[in-house]
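Here is my note on the structure, as numbered points. Please keep the coordinates open while you read.

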Amino acid sequence: MGRYIFRRALLAVPTLVGLTIVTFFVSHLLPADMVLVNLGDQAVRSPELVAAFKHRWGLDRPLLVQYLVYAGNLLRGNLGTSIATHRPVLAELALSLPATMELATAAMAGAVAAGVVLGVLAAVLRDSKVDVFARGLSAVGVAIPTFWFAILLLALVYFQLGWAPPPGRLSAGLAPPEPITGMYLVDSLLRGQVDVLVDALRHIVLPAIVIAMVCLGYVTRITRASMIETLAEDYVRTASAKGLTAWAVIVRHALRNSLIPVITIGGTLYAQVMSGTVMAETIYSWPGIGRYAFTSAGSMDFPAVMGVALVVGAVYVAVDLCVDVLVVWANPRVRYR
Amino acid sequence: MHVDAVLATRTPAGRRRRPAVWRRGPAAVLGGLVVGAWVFAAIGAPVLTRYGLDEQHLVEALQPPSLHHPFGTDDLGRDILARVLYGGRYTLTLALSVVVVAGAAGTITGGVSGYLGGWCDEGLMRVTELVMAFPAIILAMAIVVALGPGLLNAGFSMILVWWPPYARLARGEVLAVKHLEYVEAATALGQTRWGILRRAILPNALPRMIVLATIDVGGAIATGAGLSFLGLGATPPTPEWGAMVSSGRDLLAQWWVATCPGLAIFLTVIAFNFIGDAVRDSMDPRSRRRRS
């Protein structure tokens with residue numbers, strides 16, 4: 001197992017290098033008129049200003065040199081400087097990452113828990129009302145546009161019913177907890193600030209539901225399909241024949257094996273969550289990297305957007321690695337493929 | 001429910017099965033009808049509505065749905081129904097062209113990659129994996145920012161991130177047939193490599209490419225509308241559905257402004273998903289047995 005993990009981790013290195021090449025080429029080969037965007041109509045007519053700008057940001061050097069500089073900077077943790085705020089992109093990402101992690105974790109946990117339960121129920125009670133509901137919900141969950149669902153939920157639950165607080169991470173009068181992890185839920189718990197914890201929970205519910213909805217459809221579908229296959233296996237029949245309770249057969253024998261396909265879609269889920277966060281964070285004023293990407297895209301802040309893409313891509317590589325390791329852990333037969 | 005009962009319902013003998021066509025059929029027919037209706041609406045929009053897509057009546061701004069304006073009016077007093085009907089033109093065209101172009105590009109890339117093999121295959125597959133390592137919308141956002149916002153640029157950036165799954169699938173299909181005897185026969189007859197790829201090999205991949213493309217349209221609609229929603233695709237006066245939802249984003253009291261165009265996106269995506277599922281089931285019997 002240790003050797004497998006090591007070999008698999010080594011494979012991730014060229015992928016990471018490749019990621020930087022992709023981000024670099026996107027940023028340098030496409031006709032991004034950074035000069036025009038950042039200097040404005042007037043200044044761009046002055047050759048000296050343009051030359052000075054290009055020199056300032058290293059745009060006047062050969063591409064290969066630019067890439068090497070870029071890669072060297074990345075290695076030193078320098079993702080460039082935001083053109084809009086003139087602050088290091090890494091520092092801005094570090095500020096917004098905990099907010100996204102908090103939101104994404106809450107959403108994923110909810111989606112996986114609900115999706116697995118629903119998928120199992122649908123598989124066991126096939127063609128029942130539960131099954132019809134599960135299939136309907138996953139069809140809706142996969143098809144519903146995240147940004148639209150986010151707006152509908154906000155309009156209904158916050159505006160019409162008044163059950164949820166307005167967008168944001170905390171209510172206006174409340175000070176965020178002293179940062180430990182940067183995640184308000186965790187920090188307020190660690191510092192024992194119950195009022196902050198409750199308030200943060202109330203704020204996270206709606207955006208988390210929005211993101212969870214995207215994953216729920218996939219998790220339910222995969223669990224249901226895989227559970228149906230497993231329930232047809234001989235060992236399930238054996239388990240039930242030797243008189244085990246329904247619970248033991250379904251949860252201990254069938255579910256465990258059915259979960260492997262659910263693990264394998266972890267990468268897909270991550271991608272879904274990431275696109276979901278862009279929409280949910282934008283609409284719910286959640287100061288995470290999704291909203292950071294959106295505001296940076298709006299101001300054509302190129303280094304910032306590339307920073308987000310790079311971080312999201314790098315985390316994807318890590319998620320992919322974890323998924324592969326988890327699959328081998330759950331199903332040792334894969335190891336000898 | 002006891003396990004015995006559970007097992008009884010799924011053993012082939014004990015299960016009452018409706019024919020597969022009927023279990024998938026209604027959804028697929030419904031999907032086809034919805035898509036057909038949108039295409040009809042998009043083409044016939046000028047005849048179907050009394051209002052122009054940019055016709056402003058400021059005195060009638062933000063009116064709730066009524067007989068005159070079934071979907072209400074937006075902040076500039078434009079009829080939302082009219083704009084939703086016209087909007088199909090942009091949203092559907094964008095998604096369909098992305099899927100067609102990316103599908104063709106991916107098929108050719110994957111086909112060439114699998115057929116030539118060697119370092120060319122290695123290289124192309126690594127590039128494929130790299131592009132797939134980014135969530136589509138984030139990379140597309142980055143590219144649109146590089147190109148500048150606009151419907152065309154959004155489409156172009158989506159194509160750039162959309163082709164890899166097609167390349168992978170096509171490569172697999174090509175690898176499956178490239179050593180078969182009839183391909184060797186074509187080689188022996190002295191056909192060019194491109195000719196063999198085009199006439200003898202790629203047609204094998206076509207059915208599964210079509211299946212993937214049909215399943216994919218829904219995702220392309222959602223992503224395209226999403227880019228417009230973020231202000232990176234269609235720009236304001238254009239009645240693109242995602243851009244229309246965006247314009248109703250802050251009008252929580254006037255729910256119809258965002259709800260109606262969003263409903264259009266949702267219905268179209270789910271309709272295409274139904275069609276995609278049905279097409280897959282009809283072309284791939286294995287998945288039919290497995291899925292339901």
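**Notes on helix packing and the chain contact**

1. Start with H12 and H13 of chain A. Helix H12 (residues 266-283) of chain A and helix H13 (residues 289-298) of chain A have axes that come within 7 Å and cross at roughly 80°. H12(A) is therefore roughly perpendicular to H13(A). Bear in mind that this is a predicted model.

2. Which residues make that contact? H12(A) supplies A:Thr277, A:Val278, A:Ala280, A:Glu281 and A:Thr282. H13(A) supplies A:Gly290, A:Arg291, A:Ala293 and A:Phe294. By class, the contact of H12(A) with H13(A) holds 4 nonpolar, 3 polar and 2 charged residues.

3. H13(A) also packs on H14(A). The axes of H13(A) and H14(A) come within 8 Å, and the crossing angle is roughly 150°. Since angles over 145 degrees count as roughly antiparallel, H13(A) is roughly antiparallel to H14(A). The crossing of H13(A) and H14(A) is left-handed.

4. Now the residues of this second contact. On H13(A) they are A:Ile289, A:Tyr292, A:Ala293, A:Ser296 and A:Ala297. They meet A:Ala304, A:Val305, A:Val308 and A:Val311 of H14(A).

5. An α-helix has 3.6 residues a turn, so residues three or four places apart point the same way.

6. Next, H5 of chain A. Helix H5 (residues 89-124) of chain A has 36 residues. How far apart should its ends be? At 1.5 Å a residue, H5 of chain A should span 52 Å, and its end C-alpha atoms are 49 Å apart, so the two values agree. H5(A) does have a kink of about 30° at A:Ser96. The kink lies shortly before the proline A:Pro98.

7. For chain A overall, there are 14 helices and 0 strands. The pattern along the sequence is α-α-α-α-α-α-α-α-α-α-α-α-α-α. Along the principal axes, the C-alpha atoms of chain A fill a box of roughly 85 × 55 × 40 Å.

8. Where does chain A touch chain B? In all, 52 residues of chain A are in contact with 48 residues of chain B. Helix H14 (residues 302-330) of chain A gives the most to the chain A side, with 9 residues. That side of chain A divides into 42 nonpolar, 7 polar and 3 charged residues.

9. Finally, one helix pair in chain B. Helix H4 (residues 118-132) of chain B packs with helix H7 (residues 164-177) of chain B at an angle of about 140°. Their axes are 9 Å apart. H4(B) passes H7(B) in a left-handed crossing. B:Thr128, B:Val131 and B:Met132 of H4(B) make the contact with B:Pro164, B:Ala167 and B:Arg168 of H7(B). By class, the contact of H4(B) with H7(B) has 4 nonpolar, 1 polar and 1 charged residues.

Key:
Residues are numbered from 1 along each chain as its sequence is written. Chains are lettered from A and ligands numbered from 1 in the order in which they are written. This is a predicted model: local features need pLDDT of at least 70, side-chain atom pairs count only at pLDDT 80 or more; totals for chains, interfaces and linings use all residues. Helices (H or I, at least four residues) and strands (E, at least two) are DSSP runs, numbered from the N terminus. The expected span of a helix is 1.5 Å times one less than its number of residues. The bend at a residue is the angle between axes fitted to the seven residues ending there and the seven starting there. Axes are lines fitted to C-alpha atoms, for helices over the stretch in contact, and angles run from 0 to 180 degrees between N-to-C directions. Angles under 35 degrees count as roughly parallel, over 145 as roughly antiparallel, 65 to 115 as roughly perpendicular and the rest as oblique. Two residues are in contact if their C-beta atoms, placed from the backbone, lie within 7 Å. Ala, Val, Leu, Ile, Met, Phe, Trp, Tyr, Cys and Pro count as nonpolar, Asp, Glu, Lys and Arg as charged, and the others, Gly among them, as polar. A crossing is left-handed if the near helix is turned anticlockwise from the far one by less than a right angle, and right-handed if clockwise.
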